[in-house]
Amino acid sequence: MVAFAFMFASIEDVIGRFAAQHYICHRTIATVVYLASRLRKPILVEGPAGVGKTELAKVLAGALDHELIRLQCYEGLDESKALYEWEYAKQLLYTQILKDKIGEVIAGAPGLKEAVERVARQDDVFFSERFIVPRPLLRAITSPTPVVLLIDEIDKADTEFEAFLLEVLSDFQVSVPELGTIKAKHVPLVVLTSNNAREMSDALKRRCLHLYIDFPDKEQERAIILLKVPGVAERLAQEVVDAVQALRKLDLKKTPSISETLDWTRALTLLNVATLDAALVDDTLSTLLKYEGDIRKAQAELREHVAKARAKASAAPAVAADKDVLH
Amino acid sequence: MDDTIIAFVALLRRNGVRVSFAESMDTFRALDLVGLGSRAGVKDVLRATLVKRAVDHPTYDHLFDLYFSGVGEIVKDAESRAMEGLDLDPAEYQRLLEDLARFLEAQGIGTSELTRALLRQDTARLERLLREASQRAGVQRIERTFQEGQFAQGLQQTLGVAEVARELQGISDALGAGDPDPRRRQMGRLVDRRLQDLQEMIRRMVRGELEQHDVGQRDAARMQQLAEKSFYYLSEDEIRRMKDAVTKLAQRLKNALAVKRRSARKGAFDVKDTLRKNLQYGGVPFKIRFDRRKRVKPQIVVLCDVSDSVRNVSRFMLQFVYSLQDLYAKVRSFVFVSDVGEITKLFEENEIHQAIDQAIRGNVINVYAHSDFGRAFRMFHREHLAAITRHTTVIVLGDARNNYNLPHEWVLKEIKQRAKRLIWLNPENRMTWGFGDSEMDRYQPYCDVVEECRNLRQLYRVVDRMVVG
Ligand SMILES: Nc1ncnc2c1ncn2[C@@H]1O[C@H](COP(=O)(O)OP(=O)(O)OP(=O)(O)O)[C@@H](O)[C@H]1O
Ligand SMILES: [Mg+2]
């Protein structure tokens, strides 16, 4: 029986421990995390870029005080990079030693057959764990302590790799032909993330709990900014959120994500900005948007927003700071 | 609850959400953990365990709301209407119900389960009775509006409404007997309207089922129609709605190409490389090297006709091209009418609809010129031939209507020689090729594949064949 040590007491417990790790966690997310830890099922997290999919796994490891083992996927990733490789150079070194020792080993062997058999017995030395370079999957399986295994951007890996992964995820054991079967001491808590570059197979999805993380709502995004950008003015945080959320409604090539919201806020905070104005927006927008076409579109939109915010602020200066300034 | 979940899973399946048996088992285990206390909680649990494709979320949300609040809400609505009708606040209403229960007991009047539930406003029981009867009566089989009456009748029979009506009538008579005090008269009014409330609940149940049926069906049917409709007649809005389908198609092409590439990967033993790599081990050939032919990413060059005669076709095709380009690094896209212009960068840097608009509204090349395939091909030959290598698949999208200009088919011949493959997709009916100013017959011999591609369904087929061939 494999020990299982990931336990949250309740959904509230997840929310609380995640908050302690500086992760603002919607109840939906907490529910899935809680279920995954209880049902020992992997979570497949999907959603647009930069909504905190990778961060979720990191925070999960932190919250449970587990080691985080990360497997970053890419096109062409194969078993040897994900599971283990033999360390050829070291093996070679040992063959040299073996060569020197071979005389001793076969000394006194009555015939060729016996000599060969004696040499064959040394194979064990040769193909032993000593020569294996463990890659993330094997490390996760053999870890003496419980781990969170993050399989990041699985959609970038090829479909064959997905099939291979499926086997690993279904029984958490791998067989190394020369060594036999290695079984997990602790079933890792697995988080797979996907940006939806391609649709994952049904088989994989069946094994996982599914979590779709979308862009956060205003309240949450504001909370994230206040948490992650020290020294940001409350009013600026609100203005940034209003602006970003308005931009997300436009048809953009690349919609700004939370990381970009944070980058932008950091840039503005470095410039000691307390409130947005049109010139500032023009100067700093490149931290928020990556494409020329998007920037042009956004400038037009934001200029209007800033103007409206101004008008409102001067109309009701006393409350402007706490209000939803742009709408 | 188990039956309810099983029925809900069946409902999801009917609406095209793929749910396996194992997944519904997960749902039960998960619900045990989280409990049924909060509706939102249950909704999260079911979503995480049953709905694994984000595209199914809207369907799921809609069905969940219909199914799980459906009956409950119907029952609650009936209750508030009764209160309103009698002009009572909830506390007064509750007291009236209690008085009525005492009266029935005093009179020794027994009632059926349904009547009792109605008169005590036992919401949970009402809900269960309605749901069970609805299942037994097969109301979920309803498909059309005109069947509402027929299914409502079936549900009434299964519920035993006639019996309820008789019982209510009896109670009403008992309440009205002799010279009733105002309280008894009030109770009488309550009893009298409960039958009406029940009928209303039945009507709404049936309507709800009809809507559940419709959600998935409607969308599927609409997509079906669009897939068959000729590109020529698509509206801009319809084209936009096909975006997901087109993206999937591009993905499919990519996945298939990736698989083919990998299976061709293990090459032959490479002597030179093996020796070189093993120098560090004193020439003992330890690391055996195989000739891993360089992993060639598929390269694609697309030439898309954007002349006025195929305007909507181009809009659609460019959507496909955009998705392709989004997926592969190595796609170069061109548009032509009588000039040719590259739009690769435009597509990289702009959002899809904006990019397409610019490409077909004359920002790249003059789109109001008369089509001249020959001239455009020659221009491509002069300026962009280097884009084509022996790894390139070239795709031409166009109707080959050349306004009787010179076709210059020698360009295609040369392209075919350089490229891995040359594919021509023509949005016109095959019957019309070669007639009038169509030069398709002249171009065809130089293409590896020529396909009629007039609608999404045909495009699917074309991609399928490319994947196999
Ligand atoms: N709920 C949250 N609370 C706090 N910070 C968050 C939250 N969500 C996202 N962030 C921050 O947003 C940034 C982006 O998150 P992350 O890199 O995890 O996104 P991602 O979804 O993995 O994106 P990609 O698809 O590009 O890999 C991180 O810096 C993270 O700290
Ligand atoms: Mg990530």
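**Reading burial, cores and helix packing**

Colleague: What percentage of the 327 residues in chain A is buried?

Modeller: Buried residues (under 20% relative accessible area; exposed is over 50%, partly exposed in between; 1.4 Å probe, protein chains only) make up 48% of chain A. This is a predicted model: local features need pLDDT of at least 70, side-chain atom pairs count only at pLDDT 80 or more, and totals for chains, interfaces and linings use all residues. Residues are numbered from 1 along each chain as its sequence is written, chains are lettered from A and ligands numbered from 1 in the order written, and side-chain values use heavy atoms, without hydrogens and water.

Colleague: Which residues have the most contacts inside the largest nonpolar core?

Modeller: In soluble globular proteins, nonpolar side chains tend to be buried together. A core here joins buried Ala, Val, Leu, Ile, Met, Phe, Trp, Tyr and Cys through side-chain atoms within 4.5 Å. The largest has 52 residues, and A:Phe8, A:Phe18, A:Val33, A:Leu60, B:Phe8 and B:Leu46 have the most contacts inside it. Its largest share, eight residues, comes from helix H2 (residues 27–39) of chain A; helices are DSSP runs of H or I, at least four residues, numbered from the N terminus. A second, separate core of 48 residues includes B:Leu327 and B:Ile360.

Colleague: What does B:Leu46 touch?

Modeller: Contact means heavy atoms within 4.5 Å. Leaving aside residues up to four places away in sequence, B:Leu46 touches B:Ile5, B:Phe8, B:Thr27, B:Leu31, B:Val51, B:Tyr60, B:Phe64 and B:Phe68.

Colleague: Where do H12(A) and H13(A) meet?

Modeller: A:Leu236, A:Val240, A:Ala243, A:Val244 and A:Arg248 in H12(A) meet residues of H13(A) including A:Ile258, A:Trp264 and A:Leu268.

Technical notes. Helix = DSSP H or I, 4+ residues; strand = E, 2+ residues; numbered from the N terminus.
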